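Keep the viewer open and follow along.

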Amino acid sequence: MTVALDAAGAEAAGPWIDRAKPTLPSLIDSGHVLDELLGIVNVPMGVWIDEHGLIVRPPEPAFPWRPRKPTDELLAQLPPLLVEQMKEAQNIRIEPEPYLAALRDWVARGADSPYALGPEEVLQRSRPRSAERSRAAASFELGQYLHRQGHPDDAVAWFREAHRLQPENWTYKRQAWSLADPLQGPTEAYDSDFLTEIRALGAENFYAPAKLEDPPATR
């Protein structure tokens, strides 16, 4: 199943789901509950849950394919900021093939797959909930509440606090930026924006590589 993280709900995420014509359940998490419960800090991320409801792999980057490079004809039709963002995104490190191979192995072999982690390993790889991360989650929730109640200006201070407390959480940043500007560009509300921050970080560092075990043939 897929879950879209978007405070704007079906209005924002619905058209993307409709265009994909999914054959599996597609949910929308308008409260960013998965951020808080599972430690999601970016998208797309995958979580493996077995038939018994147990997590066998905690959140990690999960790409089903390599995005196609935009054509010159498409770029000519887009706003300049979006063009720059798409060009920068081409430098993001994406490795879907090893992840898909591991996923297929788990589907075929279940608990016998070397990619299905035991409970202790899952706990070790899961993000601990520090006091700062707990306050970040609370701040982000307050920001969402104020925005939903029609007080977007008051929400900004709480979104900024969430960013300060958990700067590695891109879902917090990108959600707040998109509420101020759909293109996540520079605004008076925030000190930074998507393009500025990804360039400062280095696009190749935007996703931490998944910690995949050696494939069965080499074990």
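Glu60 sits in strand E4, which covers residues 55–61. Keep in mind that the model is a predicted one. Leaving out residues up to four places away in sequence, Glu60 touches Pro44, Met45, Gly46, Tyr99, Ala210 and Lys211.

Two of those partners are worth a click. Pro44 is in the loop between H2 and strand E3 (45–49), and the peptide bond that joins Val43 to Pro44 is cis, with omega at about 0 degrees. Met45 turns up again at the second largest pocket, as one of the residues that lie nearest its centre, along with Pro59, Pro61, Arg127 and Ala208.

**The second largest pocket**

This pocket has a volume of about 450 Å³. Which elements give two or more residues to its lining? They are E4 and helix H6 (119–125). E4 provides the largest share, 5 residues. In all, 23 residues line the pocket, and they split into 12 nonpolar, 5 polar and 6 charged.

**Helix H7 and what it packs on**

Next, go to helix H7, residues 131–148. Its 18 residues reach 26 Å from the first C-alpha to the last, close to the 26 Å expected at 1.5 Å a residue. The buried residues of H7 are Ala136, Ala137, Ser139, Phe140, Gly143, Gln144 and Leu146. As a reminder, an α-helix has 3.6 residues a turn, so residues three or four places apart point the same way. With that in mind, look at Ala136, Phe140 and Gly143, which are among the buried residues of H7. Where do the buried residues of H7 pack? They pack against helix H2 (33–38), helix H8 (152–165) and helix H9 (170–180). After H7 comes Gly150, with a positive phi near 85 degrees.

Nonpolar side chains in soluble globular proteins tend to be buried together. Here the largest nonpolar core has 23 residues, and Ile92, Ile198 and Phe206 touch the most other members. The elements that give two or more residues to this core are H7, H8, H9 and helix H10 (194–201). H8 gives the largest share, 5 residues. Apart from this core lies another one of 8 residues, including Trp48, Val56, Ala102 and Tyr115.

Not counting residues up to four places away in sequence, Ile198 touches Glu88, Ile92, Trp170, Ala203 and Phe206. Ile92 and Phe206 from that list are also among the core members that touch the most others.

Val156 is in helix H8. Its relative accessible area is 18%, so Val156 is buried; the cut-off is under 20%. Beyond its neighbours up to four places away, Val156 touches Ala189 and Tyr190. Leu81 is 75 residues from Val156 along the chain, and their C-alpha atoms are separated by 22 Å.

Glu84 belongs to helix H4 (residues 80–89). The C-alpha atoms of Glu84 and Gly31 are separated by 30 Å, and the two residues are 53 apart along the chain.

| Residue | Phi | Relative accessible area |
|---|---|---|
| His32 | near 55 degrees | 4% |
| Gln184 | near 60 degrees | 12% |

His32 lies in the loop between strand E2 (26–29) and H2, while Gln184 is found in the loop between H9 and H10. His32 is buried, and Gln184 is buried too.

Note on methods
Residues are numbered from 1 along each chain as its sequence is written. This is a predicted model: local features need pLDDT of at least 70, side-chain atom pairs count only at pLDDT 80 or more; totals for chains, interfaces and linings use all residues. Side-chain values use heavy atoms; hydrogens and water are left out. Helices (H or I, at least four residues) and strands (E, at least two) are DSSP runs, numbered from the N terminus. The expected span of a helix is 1.5 Å times one less than its number of residues. Buried means under 20% relative accessible area, exposed over 50%, partly exposed in between (1.4 Å probe, protein chains only). Contact means heavy atoms within 4.5 Å. On a 1 Å grid over the protein atoms alone, a cavity is a set of points where a 1.4 Å probe fits but cannot get out, and a pocket is an open set with protein on both sides within 12 Å along at least five of seven lines; lining residues have an atom within 4 Å of a point. Grid points are joined across faces, edges and corners, and a volume is the space filled by probe spheres set on the points. Ala, Val, Leu, Ile, Met, Phe, Trp, Tyr, Cys and Pro count as nonpolar, Asp, Glu, Lys and Arg as charged, and the others, Gly among them, as polar. A nonpolar core is a set of buried Ala, Val, Leu, Ile, Met, Phe, Trp, Tyr and Cys residues joined through side-chain atoms within 4.5 Å.
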